[in-house]
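Welcome, and please open your viewer. We will walk from stop to stop, with something to select at each one.

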Amino acid sequence: MTRPAAAVLLTGSELLDGRTRDRNGHYLGGALSGRGFRVSHVLVSPDDPDGLRRDLRFLLDERPAVLVISGGLGTTHDDLTAETVAAVTGRPLADDPDAPRMVTEATRRVAARRGLDLEGLLPEMRRQALLPAGSRAVAPAGVAPGFIARDGGTAIVALPGVPWEVQAMWPAVLEELAAETGAQAPATRSLRFYGWGEVQVAGLLRTCTTDRLRVAITASSGEVTVTAGYERDDAEAAVQADALAATLTDAGPVFSSDGRAVDQIVADLLRGRGATVATAESCTGGLLGGRLTELPGSSDYVVGGVVVYSNDAKRRLLDVPADLLETHGAVSAPVAESMAEGARAAVGADYALSVTGIAGPDGGTPDKPVGLVFIGCAGPGETLVRRHEFPGDRATVRAWSVTAALHLLRRSLER
């Protein structure tokens, strides 16, 4: 079965000059692919009438079944999406029958929440109700409605640029478009490695038969994920996917063969045991606690955490002995062990993770270079400590440290 094509156009000069990091392209591309569309392009266009028209025409000339535009639906001078779609598709802007009501109701909520004058806001806000003639308004999550317009065989979907608004408005539209185009979500097998790099995984993949599969390798923060997609009615592809999964699982350090990330695995293990966890962080500065609590329902197993950047804080809050710090230094296995055990006692959790290291760019020495990190995990029966030397800049070292801590907890829970 041929998958219907889709494209994504992100608008906003702030995405091009580095003021804002894109989240919508990642989200929309993933959602479209996961629902059975073939994403041909994700383009970023500036807040410039000529540039936006050029990029929109280019994508429409490709004749995708779906073209999603994100951004440019607000009230400022550089919000150009509605008028550009109207111009390129040869239609005027017009008052949509539903959009004025949507904008008025949303503006009323905003005015009440912020204590603003509704009547003073409405004239400007109602500009967002002007949509390309013949389009259909999509109810807003914020204030600006989206819209769906048609150009030949292409459904043009315009959504706001605010990520949470996109994620609230998009799922229902996606299902409608999938039903209309006949897109079918592919079957997918995902296997996640920790402890191997891309080179090792790629070498193993070359031994597998994959001509019926769409195989992708993704490396991130010390993990490697292999994803194999195929059509659900392709029995030969299903056999290849099963064989691929068996080969990878038998030969390599696969920690997940059902698509779950380490975060979800840790959450499931903690819930299954009725266990709790705490954190003690130095170089990661709370990132580990943030990652643990990112999943909904994490209050079931996360008790709390402590950020202890200075040696004094390590002594006062976690009872790390002063002579330990003096003898071994804050970045050491004994201090990581003491931090984990101190956090477990102080917070009253079943398990506690500790992270202490040198994230850089400064602070390294020949004996303790930038990227050196010690991670501890204190549990009911033992305390484990692992030494790592992570590559990259400060953000990378911190991200890899958080992932490594989660894997150490996973291994402790699986013992």
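Start by selecting Asp-319, which lies in the loop between helix 12 (311-318) and helix 13 (322-328). Helices here are DSSP runs of H or I with at least four residues, strands are runs of E with at least two, and both are numbered from the N terminus. The phi angle of Asp-319 is near 60 degrees, a positive value in a residue other than glycine. Asp-319 counts as exposed, at 61% relative accessibility. Exposed means over 50% relative accessible area, buried means under 20%, and partly exposed is in between, using a 1.4 Å probe and protein chains only.

A word on what you are looking at: this is a predicted model, in which local features need pLDDT of at least 70 and side-chain atom pairs count only at pLDDT 80 or more, while totals for chains, interfaces and linings use all residues. Residues are numbered from 1 along each chain as its sequence is written, and side-chain values use heavy atoms, with hydrogens and water left out.

**Zoom out**

Now show the whole chain. Its C-alpha trace spans about 75 × 60 × 40 Å along the principal axes. Colour by secondary structure and you can look for 15 helices and 17 strands. Of the 415 residues, 48% count as buried.

Next, colour the charged side chains. There are 42 positive and 52 negative ones, and the centres of the two sets lie 2 Å apart. Lys and Arg count as positive and Asp and Glu as negative, while His and the chain ends are not counted.

**Into the largest core**

Which residues touch the most other members of the largest nonpolar core? Select Leu-270, Val-277, Leu-288, Tyr-351 and Leu-409, out of 31 residues in this core. A nonpolar core is a set of buried Ala, Val, Leu, Ile, Met, Phe, Trp, Tyr and Cys residues joined through side-chain atoms within 4.5 Å. The elements giving two or more residues to this core are helix 10 (262-273), helix 11 (287-292), strand 15 (351-357), strand 16 (372-378) and helix 15 (394-414). Helix 15 gives the most, with eight residues.

Stay with Leu-288 and show its surroundings. Leaving out residues up to four places away in sequence, Leu-288 touches Thr-279, Glu-281, Leu-353, Val-355, Val-402, Ala-405 and Leu-406. A contact means heavy atoms within 4.5 Å. Another core, of 28 residues, lies apart from the largest one, and Leu-59, Val-103, Ala-106 and Met-125 are among its members.

**Along helix 15**

Select Arg-410, whose place is in helix 15. Is Arg-410 buried or exposed? Arg-410 counts as buried, at 6% relative accessibility. Beyond its neighbours within four places in sequence, Arg-410 is in contact with Phe-255, Val-262, Ile-265, Val-266 and Leu-269.

**Strand 17 and a cysteine**

Move to Leu-384 in strand 17 (residues 383-389). Leu-384 is buried, at 11% relative accessibility. Its contacts, not counting residues up to four places away in sequence, are Ile-375, Gly-376, Cys-377, Leu-408, Ser-412 and Arg-415.

Cys-377 is in no disulfide, and the nearest cysteine sulfur, that of Cys-283, is 16 Å away. Cys-377 is buried, with a relative accessible area of 1%.

Select Gly-360 and Pro-361, which are joined by a cis peptide bond with omega of about 5 degrees. Pro-361 is found in the loop between strand 15 and strand 16.

Then go to Ser-221, in the loop between strand 10 (214-220) and strand 11 (223-230). Ser-221 has a positive phi of about 50 degrees although it is not a glycine, and at 17% relative accessibility Ser-221 counts as buried.

Last, select Thr-20, in the loop between helix 1 (13-16) and helix 2 (24-34). Thr-20 counts as partly exposed, at 39% relative accessibility. Apart from residues up to four places away in sequence, Thr-20 touches Glu-14 and Leu-15.

Terms used:
The place of a charge is taken as NZ of Lys, CZ of Arg, CG of Asp or CD of Glu. A disulfide is a pair of cysteine sulfur atoms within 2.5 Å.
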